[in-house]
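Q: I have a model open and want to go through it. Can we take it piece by piece?

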Amino acid sequence: MILESIIEAFKLLISFDPEIYSIIFLSLAISILATLTAAVIGTFLGILISISDFKLKRFTKKIVFTLMGIPPVVLGLVVLLLITGPFDGMNLLFTKSAMYIAQTLLVLPIIIGNIIITSEKTQKQILETATTLGASKIDKIFLLIIETKPFIFMSIILGFSRALSEVGAVMLVGGNIKGDTRVMTTYIALNNSMGEYSMSIAMGFILLSIAFLLHTLLARFRGDFYD
Amino acid sequence: MIEIRDLKVKMKSLEFIFEDFRFEKNKVTVISGRNGAGKTTLLRVFASFLDYEGSLKINANVTYNSQEPVIFNRTAYCNIVYPLKVRKLDISLYHDKIIEYAKLLDIEHLLENNALKLSSGEKMKVSIIRSIIFNPDIVLLDEPTTHLDLESINELTQLIKKLKSKITFIIVSHNKSFVDDLKDVEYKVGGKNVLS
Ligand SMILES: Nc1ncnc2c1ncn2[C@@H]1O[C@H](COP(=O)(O)OP(=O)(O)O)[C@@H](O)[C@H]1O
Ligand SMILES: [Mg+2]
């Protein structure tokens, strides 16, 4: 039974069924765009939070860390309430834009949080050294981005993994509409609930392969840094 | 150059008390004291990385060279010119000096290597040259000899002697011959209260 499903899955993959490939494409497109958006904002905010001293710094960090682990479905619910409530006029419900917004918000705290955690010690030493050598605030921000590049890449890849693998948020705000807002994870969820395991396995296999590629990349950045 | 009076520094469960002192211009002052006595703490106060109580007067610019060298991910040469770059100084005017110091500390052949991949001792040499290249008034050297071999320590001694008429050095070191060779003045650190 399992073996049959796996064979079926590979048949599907090499069948070049346009529906499957458009689903894969949409998944990647939305998650990549969301991650890139979150990366630009998150890198800036992450570095800003770590180099600034302000009153609510501890509290802000706690909020960010909490949001890192927010269940995607809860975040989806929040976005859903927003786009059917105050932003109702923008007609975002069950659109790709809504999925992009939800995933961006999902990834943002992961990138900010990881940048804050992983590079805090390095950041402190680099900042002090730069200060003592006469660097200005702008010099320091540039230096930090350059010096903590491996951490930033790592955070971005972790964020992307999360975006690509989550079901809850895209399901809620996208609606899993066939040919429109259906992505890999919602496709798996749907087929599974209908007992179509081979489809799920095929998609699952692709997701795993992408995860494998990502983590190979991640290992390379780590290697670059710890060499 | 630096004058301290009733200086206290509070850590989580410790309070360091420093005796009143004046660090004089163009004298090499060696700070001595046991492990954990607060030597690094004092230098970090001078570098304005730490808060303190009491009075501290510094009328000069100060550069702190840390115990574990902090190196940027770029060549040794680019590390050394960093302070020149951020001060918008003309790097070409300093080139001969960089080569001279690098030769003196025997790292001239490493200048184009990525400094993160150098040995600890070599990193320390890079960071020391980076700390002195822009002629700061005061250079704080925190245990500069830790990772250096005997010959390198002698070379560093030569470098400091050469520069001491222009730069005031305040040095923490446990290396007796290095200290004896350089010391004009000594300042002892050791007062400490355990807070409950
Ligand atoms: N940020 C800190 N928080 C709490 N304790 C600290 C901190 N920095 C240093 N200490 C403690 O202060 C003591 C003195 O440190 P330090 O000044 O580095 O001593 P040393 O004379 O060996 O350079 C050590 O026991 C260290 O554990
Ligand atoms: Mg120390």
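Q: At what angle do the axes of helix α4 and helix α5 of chain A cross?
A: This is a predicted model. In it, the axes of α4 (residues 72–84) and α5 (residues 96–118) of chain A cross at roughly 130° and come within 10 Å.

Q: What does that make α4(A) and α5(A) to each other, oblique or roughly parallel?
A: Oblique, because angles over 145 degrees would be needed for roughly antiparallel and 65 to 115 for roughly perpendicular. At roughly 130°, α4(A) and α5(A) are therefore oblique to each other.

Q: Is that crossing left-handed or right-handed?
A: The crossing of α4(A) and α5(A) is right-handed.

Q: And α2(A) against α5(A), what angle there?
A: Helix α2, residues 18–51 of chain A, packs on α5(A) at about 40°, and their axes are 7 Å apart. That angle makes α2(A) oblique to α5(A).

Q: Which hand is the crossing of α2(A) and α5(A), left or right?
A: Right-handed.

Q: What sort of residues make up the contact of α2(A) with α5(A), by class?
A: The contact has 18 nonpolar residues, eight polar and one charged.

Q: Stepping back, how many helices and strands does chain A have?
A: Chain A has eleven helices and zero strands. Read from the N terminus, its elements run α-α-α-α-α-α-α-α-α-α-α.

Q: What does the C-alpha trace of chain A span?
A: About 65 × 45 × 25 Å along its principal axes.

Q: Changing topic to the ligand. Which residues are around ligand 1?
A: They are residues of chain B: Met11(B), Leu14(B), Phe16(B), Arg34(B), Asn35(B), Gly36(B), Ala37(B), Gly38(B), Lys39(B), Thr40(B) and Thr41(B). By class, that shell has four nonpolar, five polar and two charged residues.

Q: Which side chains have a polar atom by an oxygen of ligand 1, and at what distance?
A: Lys39(B) has a polar side-chain atom 2.8 Å from an oxygen atom of the ligand. For Thr41(B), an N or O atom in the side chain is 2.5 Å from a ligand oxygen.

Q: What about the backbone of Gly38(B)?
A: A polar backbone atom of Gly38(B) is 3.0 Å from an oxygen atom of ligand 1.

Q: How much of ligand 1 does the protein cover?
A: The protein covers 60% of the 570 Å² of accessible area that the ligand has on its own.

Q: Which elements give two or more residues to that shell?
A: Those are β2 (14–18) and α1 (39–46) of chain B. The largest share, three residues, comes from α1(B).

Conventions
Residues are numbered from 1 along each chain as its sequence is written. Chains are lettered from A and ligands numbered from 1 in the order in which they are written. This is a predicted model: local features need pLDDT of at least 70, side-chain atom pairs count only at pLDDT 80 or more; totals for chains, interfaces and linings use all residues. Side-chain values use heavy atoms; hydrogens and water are left out. A residue is near a molecule or strand if one of its heavy atoms lies within 4 Å of it. A polar contact is a pair of N or O atoms within 3.5 Å; within protein, one must be able to donate a hydrogen and the other to accept it, and residues adjacent in sequence count only if both atoms are side-chain atoms. Accessible areas come from the Shrake-Rupley method with a 1.4 Å probe; for residues, only the protein chains shown count as cover. Helices (H or I, at least four residues) and strands (E, at least two) are DSSP runs, numbered from the N terminus. Ala, Val, Leu, Ile, Met, Phe, Trp, Tyr, Cys and Pro count as nonpolar, Asp, Glu, Lys and Arg as charged, and the others, Gly among them, as polar. Axes are lines fitted to C-alpha atoms, for helices over the stretch in contact, and angles run from 0 to 180 degrees between N-to-C directions. Angles under 35 degrees count as roughly parallel, over 145 as roughly antiparallel, 65 to 115 as roughly perpendicular and the rest as oblique. A crossing is left-handed if the near helix is turned anticlockwise from the far one by less than a right angle, and right-handed if clockwise.
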